[in-house]
Amino acid sequence: IGLSDTAVMDMMISNLQQQRQVTEQLRREAAIKRISVSQAVLDIMKYITEHEQEDCLLVGFSSQKANPFREKSSCTLL
Amino acid sequence: MASDGEFKAHSPGETIEALTKEAEALKAKLEEERQKLNDVALSTVAERLEVINYLNIKPRRVLKGHQAKVLCSDWSPDKRHIVSSSQDGKMIIWDAFTTNKEHAVTMPTTWVMACAYAPSGNLVACGGLDNKVTVYPLSLEEDVSTKKKTVGTHTSYMSCCTFPNSDQQILTGSGDSTCALWDVESGQLLQNFHGHAGDVMALDLAPSETGNTFVSGSCDRMVLIWDMRTGQCVQSFEGHQSDINSVKFHPSGDAVATGSDDSTCRLFDLRADKEVAIYSKESIIFGVNSVDFSVSGRLLFAGYNDYTVNVWDSLKCIRVTLLYGHENRVSCLQVSPDGTALSTGSWDYTLRVIYLMNSLVFCFVIF
């Protein structure tokens, strides 16, 4: 086999490997179990509702005491 | 030997032609399957929710000290300190309550594009144009630079980094289009993540309940979900029309939000395996650099090149409010670990910390 033949073969092997990787990746993705958007969305909404009251950037602080950034008048024991 | 451009591999029929054909068929099948389950729009389901009435939010702290663009920031797990990195090559550790600078470290490189706190709060990592990720143990006794340690090196700039579970491992994303998982102590490369066709710009870890996965966003416009242990890409999403600059998991772990140069943010649901929401307005034409969710996931904060932060109702897909104040691009933003505050960093050299005093917010979900 001449040098050019091995070089060509190397390239074909790598192209084949690449294509195999791409196709195998697609096979994996196609095999994923999917749920409907309506179900997925309901689950996200459920999570949000369950955590909304602890979301300070959404509902704010119930009182100044709850605000860690408040100006403290005295030293706090850490 | 080889003939006619056909190379017989492991099994007969596994030629490039056959594989390519199968790939095309699989792509078409994927699209079909996703569409079949696309039975409703998120905003339609969220119609029953009350509109959020957002009042009384303004910058409460301004952190001044950087002498050039702020590129990245990260809250400490102690919910009080912030590390920030800048184009000027400096990394600063701030007390966000008092605005005091506790450490200032000069890096041997400019454009420190990424910085992150380790879970213990005792270590920070950063890097950028030097292609490296370097960790700095934080000490009040001596100059933080003395004990620094270079952990890993990419073949292009490092754009993002994070500590997955402990101080012992660090995950990086790079302009070389790969992500990498490193052992901090030995500097050993533990896992490599190949799949993107362009610079990796952002990554985020799945909330711990959902296991060892992370998401990456890239200039190739793809969002990829990875298994940290195997190095395999387990899911991919497309949709953005330009570079993706930021990716964040929804706190539920079931979806990821993205921000892109195409001026939109999007929500991709992992179990429906598709894009389920797009956050955009005709009036918004500038790219998004950074996104983050509030603790419940109801609010999506996004920092833009037009110097503003848009606050989106992630369910109703409408904008709740606009935050002004920065005098240049918002390059990074992050909700604090306990969700009490939002920090934003900008090319105007400053960082700002915002919290909400009180608001009239009622969110009823009526089924």
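How many residues does the contact take from chain A and from chain B? In this predicted model, the contact takes 48 residues from chain A and 74 residues from chain B.

**Figure 1. The area buried between chain A and chain B.** About 5,400 Å² is buried between the two chains. Carbon and sulfur atoms give 69% of that area. On the side of chain A, the residues that lose the most area to chain B are Arg34(A), Leu57(A) and Phe69(A). Together these three residues make up 16% of what that side buries. The size of an interface is often given as the accessible area lost when the parts come together.

**Figure 2. Polar contacts and the side of chain A that touches chain B.** Across the interface of chain A and chain B, 14 residue pairs are in polar contact, with both residues at pLDDT 80 or more. Helix H1 (3–30), helix H2 (37–51) and helix H3 (56–59) of chain A each supply at least two residues of the side that touches chain B. The largest share of that side, 14 residues, comes from H1(A). By class, the residues on this side of chain A divide into 24 nonpolar, 12 polar and 12 charged.

**Figure 3. Salt bridges between the chains.** The structure holds 16 salt bridges over all chains, and four salt bridges are found across the interface of chain A and chain B. In one salt bridge, the side chain of Arg34(A) meets that of Asp273(B), at 2.7 Å from N to O. In another, the side chains of Arg298(B) and Glu52(A) meet at 3.2 Å, N to O. Arg298(B) lies in the loop between strand S22 (288–293) and strand S23 (299–304) of chain B, while Glu52(A) lies in the loop between H2 and H3 of chain A, so this pair joins two chains.

**Figure 4. The second largest pocket.** Rolling a probe the size of a water molecule over the atoms shows where empty space is left. The second largest pocket has a volume of about 850 Å³. Among the 26 residues that line this pocket, Val22(A), Gln25(A), Glu29(A), Gly195(B) and Ser236(B) are the closest to its centre. At least two lining residues each come from H1 of chain A and from helix H1 (16–36), strand S16 (223–227) and strand S17 (233–237) of chain B. H1(A) gives the largest share of the lining, eight residues. The lining of the second largest pocket comprises nine nonpolar, nine polar and eight charged residues.

**Figure 5. Two loop residues of chain B with positive phi.** Asn131(B) is not a glycine, yet has a positive phi of about 70°. This residue, Asn131(B), lies in the loop between strand S7 (123–127) and strand S8 (132–137) of chain B. Cys317(B), although not a glycine, has a positive phi of about 60°. Cys317(B) is found in the loop that runs between strand S24 (309–313) and strand S25 (318–323) of chain B.

Key
Residues numbered from 1 in each chain as written. Chains lettered and ligands numbered in written order. Heavy atoms only, no water. Contact = heavy atoms within 4.5 Å. Buried area = accessible area lost by both parts, 1.4 Å probe. Polar contact = N/O pair within 3.5 Å; in protein donor to acceptor, adjacent residues only side chain to side chain. Helix = DSSP H or I, 4+ residues; strand = E, 2+ residues; numbered from the N terminus. Nonpolar A, V, L, I, M, F, W, Y, C, P; charged D, E, K, R; others polar. 1 Å grid on protein atoms, 1.4 Å probe; cavity = no way out; pocket = protein on both sides within 12 Å on 5 of 7 lines; lining within 4 Å. Points joined across faces, edges and corners; volume = space filled by probe spheres on them.
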